[in-house]
Amino acid sequence: MTEVFQKYMGSGLMLIWFALALIYLFFQEKRKPLRILFLYTPIIIFLLFFNPLFYRLFQATVGTEIYFRICWLMPITIVIAYTIVHICDSILNAKKQSISSASPVFTSVKKIFFTVTAVLILFISGTPVYTNPLYTPAENAYHVPQFVVDICDAIEIEGREVMAAFPDEFLLYVRQYSPTVCMPYGREAYTGSYNRLNHLVMSDEINVDLLSSLSKAALCHYVILAEGKTFLGDMNDYGYELFDTLHGYEIYKDTTMNFDTH
């Protein structure tokens with residue numbers, strides 16, 4: 001839990017502003033609905049995240065791979081933004097009471113000053129998303145790698161779904177791009193859950209007899225393999241033909257499967 005939260009914190013500055021915002025709202029926000037939304041709810045989520053009993057329950061029912069997503073429930077940016085607006089509004093109201101002759105222009109300048117200052121503070125508290133090692137520039141309008149688009153387009157059959165066994169680098173993207181190309185395993189294989197077919201697809205040596213048995217049991221119409229694999233057996237002997245080669249991947253079609261569109 002601690003390691004997950006440390007990764008979520010990043011530089012830690014944003015969490016510091018969040019903590020200061022909660023302290024401010026605890027003393028200054030009097031409206032009950034807003035206290036529940038901006039104060040009590042984040043605190044409850046935070047306490048649940050670090051609760052060992054809740055962690056064990058989550059682990060038993062869902063698994064630990066997505067435990068970090070609980071942090072997404074904390075409205076950090078919303079609380080900080082609301083607090084900044086609350087502070088600015090309080091200062092401006094105080095000024096209006098002490099200087100009844102304050103000009104509208106002066107008030108507008110102060111609002112702009114507070115807004116720009118707040119934006120700059122938040123800006124320097126984080127890091128650009130483009131520095132993330134998982135970030136890659138978009139190659140197309142779908143925001144998935146182009147090799148995923150081309151291979152899915154190649155194996156799609158209009159009017160029906162098809163099943164295909166993909167290497168790991170496809171698993172996060174196929175479901176985003178195509179609703180008709182299905183996989184016998186998904187993100188759980190990418191995050192560490194063992195799957196025999198996935199493990200075999202990712203191996204350097206392909207036991208064709210085992211591959212055929214596993215892929216047919218999973219009703220796979222296609223098996224996609226990276227080029228350069230060593231085959232222990234002949235794919236043709238098990239009803240597979242080389243359908244196409246794209247972007248360094250070989251697409252094998254199981255000719256014994258049903259490809260009808262009805």
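Which residues of strand 7 are buried on one side, and which on the other? I found Y249, I251 and K253 buried on one side and E250, Y252 and D254 on the other, with both faces covered. Buried here means under 20% relative accessible area (1.4 Å probe, protein chains only). In a regular strand the side chains alternate between the two faces of the sheet. Six of the six residues of strand 7 are buried, so the strand is largely enclosed by the rest of the structure.

Source notes: this is a predicted model, where local features need pLDDT of at least 70, side-chain atom pairs count only at pLDDT 80 or more, and totals for chains, interfaces and linings use all residues. Residues are numbered from 1 along each chain as its sequence is written, and side-chain values use heavy atoms, leaving out hydrogens and water.

I looked up the neighbours of strand 7 next. Strand 4 runs antiparallel to strand 7 and is joined to it by five bridges; A226 has Y249 as its bridge partner. Strand 6 is also antiparallel to strand 7, with six bridges, and L242 stands opposite Y252. Strands are DSSP runs of E, at least two residues, and helices runs of H or I, at least four, numbered from the N terminus. Two strands pair if DSSP finds at least two bridges between them.

I then checked the turn: strand 6 and strand 7 form a hairpin with two residues between them, and H247 there has a positive phi of about 50°.

Last, I noted that the protein has eleven helices and seven strands.

Notes. Buried means under 20% relative accessible area, exposed over 50%, partly exposed in between (1.4 Å probe, protein chains only).
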